[in-house]
Amino acid sequence: MSTDPAKEGAKTDFTDQMDYGDYLDLERVLDAQHLRSGDHNEMLFIIQHQTSELWMKLMLHELRAARGAIATDDLSPAFKMLARVSRIMEQLVHSWDVLSTLTPPEYSKMRPYLGSSSGFQSWQYREVEFLLGNKNAAMLKPHAHRPELTVYLKDAFESPSLYDEALRLLARRGFVLDRCERDWSEPYAFSEQVEAAWLCVYRDPDRYWALYELAEELIDLEDAFRQWRFRHVTTVERIIGFKRGTGGTGGVSYLRKMLDVVLFPELWKVRTDL
């Protein structure tokens, strides 16, 4: 049986008003897929990476806000934001399931048309890593040809990470720490003082409930991030094996090294201590 949405009160005339497509700027979004190889499967490859970048844009929006909320002791909204980031990462994990339908022969047809472009060059992913504390000055170099991006990323590189702000919060709550003021551009190194502080929180969660909840949100976040990275390397190996990446990295060998990066080391160590 056919229905007329107008009889339900739905608006159907948008001659002079904003509609759904206008609000989302869909013409530009849906016209942003430019196939270079002419191969049918390139549409999947492009949309996979474009949607990942959109999810990362939201992730950055939430991570920056969560870091700011923690810095001002406004923890309740920070918890919501961090939980949202973990769910975004789950979406990104599952997105690899779609890309993994791309077979090696299908990818080989489009690969010559990618040039030296690579996900390794994603500036949004780089900022995600900087915000999460994985600081490496060498990762600024792929963006040197775009000065405005270099300035933007350098600011993120030289600013406190999410974990740095969490440790500053611990200090404000009375814990004596040696990592509250340092060169934020340096990679974070494990601290026994920080380990002892988190151990105190975990041994008495009722007393330190907000800090305990923050710690678990951070663990959720790194757990999801590890799964995202793992699915990435597995999908790459499934499609190109151990060939070098288009951006010049070792491909799978490089990505596997990234699996060893630990963002919040004391929070993982404390599980052994308890």
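Q: In which hand does α8 cross α10?
A: The crossing of α8 past α10 is left-handed, meaning that the near helix is turned anticlockwise from the far one by less than a right angle, clockwise being right-handed. This is a predicted model, where local features need pLDDT of at least 70, side-chain atom pairs count only at pLDDT 80 or more, and totals for chains, interfaces and linings use all residues. Residues are numbered from 1 along each chain as its sequence is written, and side-chain values use heavy atoms, with hydrogens and water left out.

Q: At what angle do α8 and α10 pack, and how far apart are their axes?
A: Helix α8 (residues 162-172) packs on helix α10 (residues 209-240) at about 165 degrees, with 11 Å between the axes. α8 is therefore roughly antiparallel to α10. Angles over 145 degrees count as that, under 35 as roughly parallel, 65 to 115 as roughly perpendicular and the rest as oblique. Axes are lines fitted to C-alpha atoms, for helices over the stretch in contact, and angles run from 0 to 180 degrees between N-to-C directions. Helices are DSSP runs of H or I with at least four residues, numbered from the N terminus.

Q: Which residues of α8 and α10 meet?
A: From α8 there are Leu162, Tyr163, Ala166, Leu169 and Leu170, and from α10 Leu211, Leu214, Leu218 and Leu221. By class, this contact has 9 nonpolar, no polar and no charged residues. Contact means heavy atoms within 4.5 Å. Ala, Val, Leu, Ile, Met, Phe, Trp, Tyr, Cys and Pro count as nonpolar, Asp, Glu, Lys and Arg as charged, and the others, Gly among them, as polar.

Q: What about α9: which residues are buried?
A: Val194, Glu195, Ala197, Trp198, Leu199, Val201 and Tyr202. Buried means under 20% relative accessible area, exposed over 50%, and partly exposed in between (1.4 Å probe, protein chains only).

Q: And what covers the buried residues of α9?
A: The cover includes α8, α10 and α12 (265-273).

Q: Changing topic, is Ser52 buried or exposed?
A: Ser52 counts as buried because its relative accessibility is 11%. Ser52 sits in helix α3 (residues 42-71) and touches Leu92 and Ser95, not counting residues up to four places away in sequence.

Q: Which loop holds Asp25, and what is its phi?
A: Asp25 is in the loop between α1 (20-24) and α2 (26-30). Its phi is positive, about 55 degrees, although Asp25 is not a glycine. Asp25 is partly exposed, at 30% relative accessible area.

Q: Where is Asp73?
A: Asp73 is in the loop between α3 and α4 (75-99). Asp73 has a positive phi near 60 degrees and is partly exposed, at 34%.

Definitions and conventions:
Helices (H or I, at least four residues) and strands (E, at least two) are DSSP runs, numbered from the N terminus.
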